[in-house]
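Look at the sequence and the structure together. Keep both in view as you read.

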Amino acid sequence: MPKTIAEINEKIRKGQAVVVNAEEVVEIVKKMGMSKAAQEVDVVTTGTFGPMCSSGAYFNVGHTKPKIKLGGGRSYLNDIPVYTGLAAVDVFLGATAIPDDDPRNKVYPGHFNYGGGHVIEDLVAGKDVRLSSTAYGTDCYPRKKLDTWINIKDMNQATLFNVRNAYQNYNIAVNVSDKMIYTYMGVLKPNLGNANYCSAGQLSPLLNDPYYKTVGIGTKIFLGGGVGYVAWQGTQHAPDSLRGDNGVPKRGAGTLAVIGDMKQMSPRYLVGTSFLGYGCTMTVGIGLPIPILSEEILQYTTVTDDEIFAAVIDYSDAYPNYKPDILGEASYGQLRSGKIEMDGKEIPTAALSSYPRALEIANTLKEWIKKGDFALTDPVELIPGVEQGVTFKPLNERPVEEK
Amino acid sequence: MAVSRRVVLRFPRSLVDQPIVSKLIRDYNLDFNILKASVSPREEGLLVLELMGQSKDFDKAMAYLTEAGVVTQPLSRDIRRNEQRCTDCGACVVMCPTGAFEVDEVTRKVLFEDTKCIACELCLLTCPPRAMELTF
């Protein structure tokens, strides 16, 4: 008998909901059988903690006296440029933004020690950050300069808004060339020296709901240590990606755009991150609760690392040149063993996404739900599924004729 | 008693052009393995050595170095992990040439065994949250 979210919430309110994480559910289903477990289990919690570049935050910093219009001028938080093309005192900070005077890759490989993600981490840690602005001045906003310390608690709004997070599966990055390369997948040693991967695998949110049967606009989630919501499908959402017989994507597929109040988030789950020779980003913690509304939904949550495969991609040629070639596939079970085999060669593997912290997130979310602090939401609309024709297209460049 | 110890030697500018290590090895009967060597733009020298030999010879060698003006300290204090910043991702595991990082098979946490560390510093900039710190 299928359940509804309202029925599950009733149990959560009474403190009677049966909540388990995406690791525990595997054993439970083995013991009880799918049908009985679908009756018993109400919610399966998932978690992921990895670098997610399309993250950022917008702030309303409050008006100065006399007033200043940051829009059209230049503003910085701890020397990191923010986007000001909004109303007078609204700004947007991207996780990958870096200081104007950062040497970038001019001294190769660049270090990228501090960027937008680090500012977000400092803000949620309660540290003061420096807001410096110049503006052009208008009759209604006469002030032209501002230089002040600001704290997150003094801002009117500090809202984390990440346009692409929680990628459903990801590439395994290798380097077949004969020189070291520096990528967003970490440092890749020559001649298949290492293979780097980045997914929480069997704990990962969208790998446990591969067809997006429960997740949509308004789904309440764990975000950065606080509560957030799914805002929309993420950018590059690609439900039509190649899938295995179990329905689980074998390539990058679905993504989520997420939003939440930064004032209740924590630096443990929003960590400023640097990739040598590549740039700055932010490591984000997300946990998605999956309501067990049917046996089918439960079955998807029982997926294990041995049943989830990803593609091995050469980042010295295939990736930068947008070639479709893959070198092979490996399961997360193999990846977590510490090595994979390619053409008879053993390649050591490294994760960029933290499994222990993903598990910590799934367990934290589980405790919140069990204690009755976190009720589930019914999504307003599910994110686009396989049948909806959403695809991930390359840019079609068209030459611009000079007039 | 035979010992094998890893030491950090810091040479002031005045000693950079002198054959200190040559004398150290010849007069005190020690075997050595250079783990790291550099001379900074201000011409201060840094040398990380693994020294093997008799305990009493090792102690005399250290006394000689100190007298010559070389600042010495055991290597183990060099590279530390900031446990607050480490997220247990595991990016360091494939970078370390001596296998000082290992993923615990059960907890998946990344273990740092500093006795295996030779202070090559490869992990410093390749750690995404920059949890590895160099201290002298």
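Predicted model: local features only at pLDDT ≥ 70, side-chain atom pairs only at ≥ 80, totals over all residues.

Residues are numbered from 1 along each chain as its sequence is written, chains are lettered from A and ligands numbered from 1 in the order in which they are written, and side-chain values use heavy atoms, with hydrogens and water left out.

Start with helix 4 of chain A, residues 116–124. Helices (H or I, at least four residues) and strands (E, at least two) are DSSP runs, numbered from the N terminus. Nine of the nine residues of helix 4 of chain A are buried, so the rest of the structure largely encloses this helix. Buried means under 20% relative accessible area, exposed means over 50%, and partly exposed lies in between (1.4 Å probe, protein chains only). Among the buried residues are A:H118, A:E121 and A:D122. Just after the helix, A:G126 takes a positive phi of about 85°.

Now find the sheet. Strands of a sheet pair through backbone hydrogen bonds, either parallel or antiparallel. In chain A, four strands form an open sheet in the order 6-5-8-9, with antiparallel pairing. Two strands pair if DSSP finds at least two bridges between them. Strand 6 (80–82) and strand 9 (145–150) of chain A stand at the edges with a single partner strand each, so one side of each has no neighbour in the sheet. From one strand to the next, the twist averages 25°. Axes are lines fitted to C-alpha atoms, for helices over the stretch in contact, and angles run from 0 to 180 degrees between N-to-C directions.

Strand 8 (residues 129–134) and strand 9 of chain A run antiparallel, joined by six bridges. In one of them, A:R130 has A:W149 in strand 9 as its bridge partner. Helix 4 of chain A packs on this sheet and touches strand 5 (74–77), strand 6 and strand 8 of chain A. Its direction makes about 125° with that of strand 8 of chain A. Contact means heavy atoms within 4.5 Å.

Which residues touch the most other members of the largest nonpolar core? They are A:F59, A:L77, A:L160 and A:M262, out of 81 residues. Helix 7 of chain A gives the largest share, seven residues. Such a core is a set of buried Ala, Val, Leu, Ile, Met, Phe, Trp, Tyr and Cys residues joined through side-chain atoms within 4.5 Å. Leaving aside neighbours within four places in sequence, A:L160 is in contact with residues including A:I120, A:L223 and A:M282.

Next, the rings. Rings of Phe, Tyr and Trp (its six-membered ring) pair if their centres lie within 6.5 Å; planes under 30 degrees apart count as stacked, over 60 as edge-to-face and the rest as tilted. The count is 15 aromatic pairs over all chains. The centres of A:F222 and A:W368 are 5.2 Å apart and their planes are at 25°, so this pair is stacked. A:F222 is in strand 15 (residues 220–223) and A:W368 is in helix 7 (residues 355–370) of chain A, 146 residues apart. A:F222 and A:W368 are buried.

Finally, turn to chain B, with three helices and eight strands. Of its 136 residues, 45% count as buried. B:G99 lies in the loop between strand 5 (79–81) and strand 6 (101–103) of chain B. B:G99 is partly exposed, with a relative accessible area of 31%.
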